Each structure stands twice: as C-alpha cells, then as structure tokens.
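Hi,

Here's the structure I said I'd pass along.

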Amino acid sequence: DNLDVANAEKILNEFRQWIFSDDERTERLSAEWNRRFNSWVAPQHDGSHLLLPGLGPNFIPMPHQRNAVARVLAEPTVLLDHVVGAGKTGEMFMAAMELKRRGLVRQPWIVVPTHLIEQFGREVRQWYPAANVLLGRKGMSDEERRVFAAQTATTDFDMVIVPNSVFELIRVHPDRHVTYIEVQLDELRRELENDANSENTV
C-alpha cells in the first residue's frame, strides 16, 4: 500500500511538472478549466453613457477611463490597476466629481503621495476648471492642519486633495475611532459565525 501511494504521488508530481512545462498547453488548459468550472466572473462596467459635466474642454476621456469611473460609481472599493500613463489621475478626478454630483458622497478626498501634491493641484484645475477644490500642501504645521480640517468641515468643496504626510497626522475623535473599530469587529464576528454555521450544515 505504501509503495502504491508513493508511486501515485510520483506520477502526480511528474504530471504537474509536465502540464506546466509548456506555456501554450498551460494557457489552453487553464482557459478550458475556467470555461467549465470557474463560477466567478469579473464585472464589466460601461461608462459610455456618462456626461461628466464640468470637464475641461481639452479632455476627451478614453473608453477605459469612462469604464473606470462607472466602476467607481458602482463599487465600494476599486483598484485602478492601469499601466503608467493610462490616465489614472483623470479617472480619480472624474470619479470624485461624479460621486459628489450624484450625492453618493458629501466630500470626496484624494490622498496622494506627498511629492505629487503640486502636480495634482495643477492637473485638477485643467481637468475641472470651475471645481471648488481644497488643495493641501506638504509641510503643514499643527495649526495649519487644524485650519485645513476646519475648512473641510465648514465649506462645501467639490473635492479635497491632501498629501499623504498631512492626512496621516489628521486625528479623528477617539469616540469615532472606537466606534469604527467596533463596527469592523462586529462584521468580522458575523463572518466567523456564518463560516462556522456553513461548516456545520455540510
């Protein structure tokens, strides 16, 4: 019996090495496996219908940019995983403006690497010349950060762009922090209970 198991494992290991040793075969078999058995299908989003009011006249969004904006409007979290130069910055501006215009968020924030804050400030004015944008800057003092946070709370900005180094230093009220953590823990507990219940019913 032990010899049979060892031989079976040896054959299985050889088969695994053989099946993935040819790129064409691997791609063909993976595609066939996914066609037959994969039950997850990535959602497709069509942004061709978006009007994007307020967009600067020099910008004509590419179809993939429109689709990215449509995805941001439809999903709670999105990774814009395009190659460099594909237009992610414009997608962020368009998505922020659409989220605000549709009432899906009160005030969209874009947190950017600190060294890019001036570039984002220039580009947002090109993309949306009439937008009411609050732009942070690097190296803000404690008092400047307090004023900045107060401005965001008291003025109806279309979007706020803030450097990461400043965003990390903006504190939330301790009660809100505790409430947020408790909500996250409650969700995790529910997921654990659901998993335990589903295992017990199998």
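Let's start with F37, which is exposed at a relative accessible area of 51% (buried is under 20%, exposed over 50%, partly exposed in between, with a 1.4 Å probe and protein chains only). W33 counts as exposed too, at 54% relative accessibility. These two residues form a tilted aromatic pair, 4.5 Å centre to centre with 50 degrees between the planes. For pairing, ring centres of Phe, Tyr and Trp (its six-membered ring) must lie within 6.5 Å; planes under 30 degrees apart are stacked, over 60 edge-to-face, and the rest tilted. Both W33 and F37 sit in helix 2 (residues 23-37), four residues apart, or about one turn. Helices here are DSSP runs of H or I, at least four residues, numbered from the N terminus.

Before I go on, the caveats: this is a predicted model, with local features needing pLDDT of at least 70 and side-chain atom pairs pLDDT 80 or more, while totals for chains, interfaces and linings use all residues. Numbering runs from 1 along each chain as its sequence is written, and side-chain values use heavy atoms, without hydrogens or water.

The whole-structure search turned up six aromatic pairs. One of them is F15 with W18, tilted at 5.8 Å centre to centre and 35 degrees between planes. They're three residues apart in helix 1 (residues 2-19), so about one helical turn separates them. F15 is partly exposed at 44%, and W18 is partly exposed at 45%.

W18 also has the charged end of R25 over its ring, 3.8 Å from the centre (the cut-offs: NZ of Lys or CZ of Arg within 6 Å of the ring centre and within 35 degrees of the ring normal). Elsewhere, W109, F148 and F167 make up one aromatic cluster.

Cheers

Terms used:
Helices (H or I, at least four residues) and strands (E, at least two) are DSSP runs, numbered from the N terminus.
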